Amino acid sequence: MSLATITGDNIRGFRHKQGISQEKLAEYADLHRTYIGSVERGEYNLTLLTLERIARALKVPPHLLLVRDSYKK
């Protein structure tokens, strides 16, 4: 499994746990909703700055987005 896929799965998992939509996450992170969807599908390689923005919006440490299934813990 690629790091982009792991990161996308974690973003989706944390987002679902918090009960927020892609639209709301995009708003919180100041990104476009379609970009969030593409990231969740593992279609984009994130920059560190974007990873940090999404982590901040999800209120999780950035490193948790890089560890497989960290949203399940």
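Student: Leaving aside its neighbours within four places in sequence, which residues is S38 in contact with?

Tutor: The model discussed here is a predicted one. In it, S38 is in contact with E43 and Y44, once neighbours within four places in sequence are left aside. S38 itself lies in helix 3, which spans residues 33–40.

Student: Does S38 count as buried or exposed, and why?

Tutor: Buried means under 20% relative accessible area. S38 has 9% relative accessibility, so S38 counts as buried.

Student: How should I read a nonpolar core, and which residues touch the most other members in the largest one?

Tutor: In soluble globular proteins, nonpolar side chains tend to be buried together. Here the largest nonpolar core has 16 residues, and those touching the most other members are I11, L25, I36, I54, L58, V60 and L65. Two or more residues come from each of helix 1 (3–18), helix 2 (22–29), helix 3 and helix 4 (48–58). Helix 4 provides the largest share of this core, five residues.

Student: What does L65 touch, not counting residues up to four places away in sequence?

Tutor: The residues that L65 touches include I6, I11, F14, L51, I54 and S70.

Student: How many aromatic pairs does the structure hold, and how is such a pair described?

Tutor: A pair of aromatic rings is described by the distance of the centres and the angle of the planes. This structure holds two aromatic pairs. In one of them, the ring centres of F14 and Y71 are 6.4 Å apart and the planes stand at 70 degrees, so the pair is edge-to-face. The pair links distant parts of the chain, with F14 in helix 1 and Y71 in the segment after helix 4, 57 residues apart. F14 counts as buried because its relative accessibility is 8%.

Student: At what angle do helix 2 and helix 3 pack?

Tutor: The angle is about 110 degrees, and the axes of helix 2 and helix 3 are 8 Å apart. Angles of 65 to 115 degrees count as roughly perpendicular, so helix 2 is roughly perpendicular to helix 3. Where they meet, helix 2 brings Q22, E23, L25 and A26, while helix 3 brings R33, I36, G37 and E40. By class, this contact has three nonpolar, two polar and three charged residues.

Student: Which residues is R33 in contact with, leaving aside its neighbours within four places in sequence?

Tutor: R33, which lies in helix 3, is in contact with Q22, E23 and A26 when those neighbours are left aside. From C-alpha to C-alpha, R33 and Q22 are 5.8 Å apart in space, although 11 residues apart in sequence. With a relative accessible area of 32%, R33 is partly exposed.

Definitions and conventions: Residues numbered from 1 in each chain as written. Predicted model: local features only at pLDDT ≥ 70, side-chain atom pairs only at ≥ 80, totals over all residues. Heavy atoms only, no water. Helix = DSSP H or I, 4+ residues; strand = E, 2+ residues; numbered from the N terminus. Buried < 20%, exposed > 50% of the residue type's maximum accessible area, 1.4 Å probe, protein only. Contact = heavy atoms within 4.5 Å. Core = buried A, V, L, I, M, F, W, Y, C linked by side-chain atoms within 4.5 Å. Phe/Tyr/Trp six-rings, centres within 6.5 Å; stacked < 30°, edge-to-face > 60°. Axes fitted to C-alpha atoms, helices over the stretch in contact; angles between N-to-C directions. Parallel < 35°, antiparallel > 145°, perpendicular 65-115°, else oblique. Nonpolar A, V, L, I, M, F, W, Y, C, P; charged D, E, K, R; others polar.
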